[in-house]
Each structure stands twice: as structure tokens, then as C-alpha cells.
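Here's a quick briefing to read alongside the model. Have the viewer open and follow along.

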Amino acid sequence: MSEPLILGIESSCDETGVGIVRGHELLANEVASSVEQHVRFGGVVPEVASRAHLQAIVPALKRAVATADIDLDEVDGIAVTAGPGLMGALVVGLSAAKALSVALNKPLYGLNHLVGHVAVDLLDHGPLPERTGALLVSGGHTSLLVVDDIATSITEVGATIDDAAGEAYDKVARLLGLAYPGGPVIDKLAADGDPKAIAFPRGLTAQKDLVAHRFDFSFSGLKTSVSRWVETRRRDGDEVPVADVCASFQEAVCDVLTAKAVAMCQAEGLTTLLIGGGVAANSRLRALLEERTAAAGIALRRPRPGLCTDNGAMMAVLGVEVVKRGLRPSSLEIGADSGLPVAKVLV
Ligand code: KG4
Ligand code: ZN
């Protein structure tokens, strides 16, 4: 049998994504971002995002079909993000996917966005080994996962107890007066700063925390610490060394993420670690993980930075895995679930 040809739709936040994938081969990945419409608010405005999805979805679909050079009725299924994400935004993609499913008479697969961030690496590095560790770092989530099977068996062994890593980047960027989203801006500015300039705290790494929260994260104390440090400077009329603040903040985030990800692999006996989500595009995180996994004898899988942020191809390739396992398609009556837990791959 030939590899499944799957159309994937993503609309959980501010990117309207339509991807087309055959097996693990990427045929098209069209992303229309509404980020510019949110910049002046310093964060995503849900209603603005929903309206932008409504405008962008059909043009993105048309471009993807043209790029992949397929006829829509050749597809074997429609994969779509059913959650987690912004309710009004999710509903747009889900409605489009349902309409396509009915019109083309093809199965619908309502899938988990977070698992899509992990699955996208299959497009770059092929099938996963039997058990893989995954560090999922996005704007809304930060988790350590054990992936026994990408379509059927995912266990969360740790998560943030407050802010997500991407959220911390966005909040720190905001307090420094930098643009939204903060991750890519801080990543760039940090390159010219000294990561050792300021000793910002590493959340949940104290001995007592390593008992109760060994694989959990906390970034809200770090954010507050950066905020206090910057405010003190401003109050004293001193210039804020933005590059040093960015580099030192970034080092604190990446130090904890990498240390806990490697520790989880060692504790669980995992020899492969995969990273996914928007923050996985971060240059320091990628470099530090490379160093620390190599030192620990762990193989590292990093999707290319362009596939780390939200897109439709990640949902399409997760759809391929679900179809290959013969799992039952979703009902046409499924709803969007803004709080869908990571262990629930298929709705
Ligand atoms: O996965 P994603 O595109 O959307 C969600 O599912 O949340 O992640 C978006 C997050 C934002 O917080 C953004 O600031 C962060 O990913 N991000 C980065 C980088 N690129 C995007 N954070 C750090 N460094 C980057 N290069
Ligand atoms: Zn995402």
C-alpha cells in the first residue's frame, strides 16, 4: 500500500496553517500569520486571531493544494487541530476540516496540537525509536514526555507549574519594551550579550524541589526576578543593558530545560530526546541540548527551526501516523477542546 496522503489544518493560535504530507514526505506547508495584528497589544487577541483565520484559511488551502500539485480528492484524510488552543480560533480550522471531510467524503481526524509539535520531526528524521523522550516547549505549554507510540501512547512526566517557557520569553520581551512574540527577538539580542552577566534564578532546581518537582518547571519567579532587576536599574536612572539581560534570562531558561530533559532521559532509560514547539527554534536551547545530550550519550532529534512554530504539516504528519495504525476517524460532531491534555492524541 502506498503511504497515506494527508491534508493537515492548524488554527489553534495566531497561525493559519495548511500542510500536505505523503508518508513522511512534506509536499506543502502554507502558513499565514496574523502576528502583525497582535503586535500593538503585546500578545494574541483571541477575537482578532479568529477573524484572521476565517480570512486566511481558504487562500492557504488553495496555495497548499497548488504547491503539492495534487487534486483535493486524492487525499486519504483530513487532520485538524482539535485542541488545545484558543476556542474561537480552533473552531475555524475545525469547521473547515469538517466541511472538507463531508464534501470530499474523506475521514476526519481531530488531533492534539502538542503531539503535532512532536510528530513534525518525523518529516526531518523519519520514524521514532521505540521509546523517545520529548521536551515540548511552546507558547502555552512546557512538558517532558515519554513517547512510547506517537499515535497511541504518550505520558507526561513533568510540566510547568506556572508560565510556559515561550510565555516567559514573551513577558520578558514585553517588560523590556521589545516586540511580540518575544522569543525570536530575545534569541537575536542575546547573541550580543553576556549570559553570565546577571545570575537569574533557576526555577525548581533546589534540592527540596527536586524531590516534589523533579521534572517540573517554573518560570514565573524568573520573570519576576528579571522585572525587579530592570525596574531597579530604571529607578536609579541607569541604562538597562538589554543584550545582557536577554542573554542571562535565556541562559536561565535553557539551563533548566536542558538539565531536566537530560535527567528525565537518564531516569527513564531513554537514549533519544526530541524537542518540539516554538521555543525549540531557539538557538541557545538547540546548542546547549546538543552539548548536554552528547555528553550523556543521548541522541538528539531537532526539527528544522521553520517547522518548530505552528504549522499545518505537523498535524498532517501526525494524521499519517494515526491512519497507518488504522485508528478510528473522529466523529463529525467533535468539538474543539481548548484544554485537551497531551496524552489524548486523537479526539
Ligand atoms: O509552538 P508555538 O508556535 O505556538 C504555541 O503552540 O504556543 O510557540 C510560540 C512561542 C512563542 O512564545 C514564541 O515567543 C516562542 O514560541 N518562540 C521562541 C523562538 N521562536 C518562537 N522562543 C525562543 N526562541 C525562539 N527562537
Ligand atoms: Zn504550538
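What follows covers the ligand site, the metal site and some backbone details.

This is a predicted model, so local features need pLDDT of at least 70 and side-chain atom pairs count only at pLDDT 80 or more, while totals for chains, interfaces and linings use all residues. Residues are numbered from 1 along each chain as its sequence is written, chains are lettered from A and ligands numbered from 1 in the order written, and side-chain values use heavy atoms, with hydrogens and water left out.

**Ligand 1**

- Ligand 1 is surrounded by 20 residues (a heavy atom within 4 Å counts as near), and the closest are His117, Gly139, Asp170, Asp187 and Asn282.
- That shell splits into five nonpolar, twelve polar and three charged residues (nonpolar is Ala, Val, Leu, Ile, Met, Phe, Trp, Tyr, Cys and Pro; charged is Asp, Glu, Lys and Arg; the others, Gly among them, are polar).
- On polar contacts (pairs of N or O atoms within 3.5 Å), a polar side-chain atom of Asp187 sits 2.9 Å from a nitrogen atom of ligand 1.
- Taken alone, ligand 1 exposes 550 Å², and the protein buries 89% of that (Shrake-Rupley method, 1.4 Å probe).
- Helix 4 (113–119), helix 6 (165–175) and helix 7 (182–190) are the elements that give two or more residues to the shell, with helix 7 providing the largest share, four residues (helices are DSSP runs of H or I, at least four residues; strands are runs of E, at least two).

**Zinc ion (ligand 2)**

- His113 (NE2), His117 (NE2) and Asp310 (OD) coordinate the zinc ion at 2.0 to 2.1 Å (donors are N, O and S atoms within 2.8 Å of the metal, or 3.2 Å for Na, K and Ca; water is not among the atoms, so sites may look incomplete).
- Along the chain, the donors follow the spacing H-x3-H-x192-D.
- His117 lies in helix 4 and Asp310 in the loop between helix 12 (305–308) and helix 13 (313–324), so the pair ties together parts 193 residues apart in sequence.

**Backbone details**

- Most residues other than glycine have a negative phi, and most peptide bonds are trans.
- The Gly83 to Pro84 peptide bond is cis, with omega near -10 degrees, and Pro84 is in the loop between strand 4 (77–83) and helix 3 (87–104).
- The Tyr180 to Pro181 bond is cis, with omega near -10 degrees; Pro181 is in the loop between helix 6 and helix 7.
- Asp69 has a positive phi, near 55 degrees, and lies in the loop between helix 2 (46–68) and strand 4.

How values were computed: A polar contact is a pair of N or O atoms within 3.5 Å; within protein, one must be able to donate a hydrogen and the other to accept it, and residues adjacent in sequence count only if both atoms are side-chain atoms.
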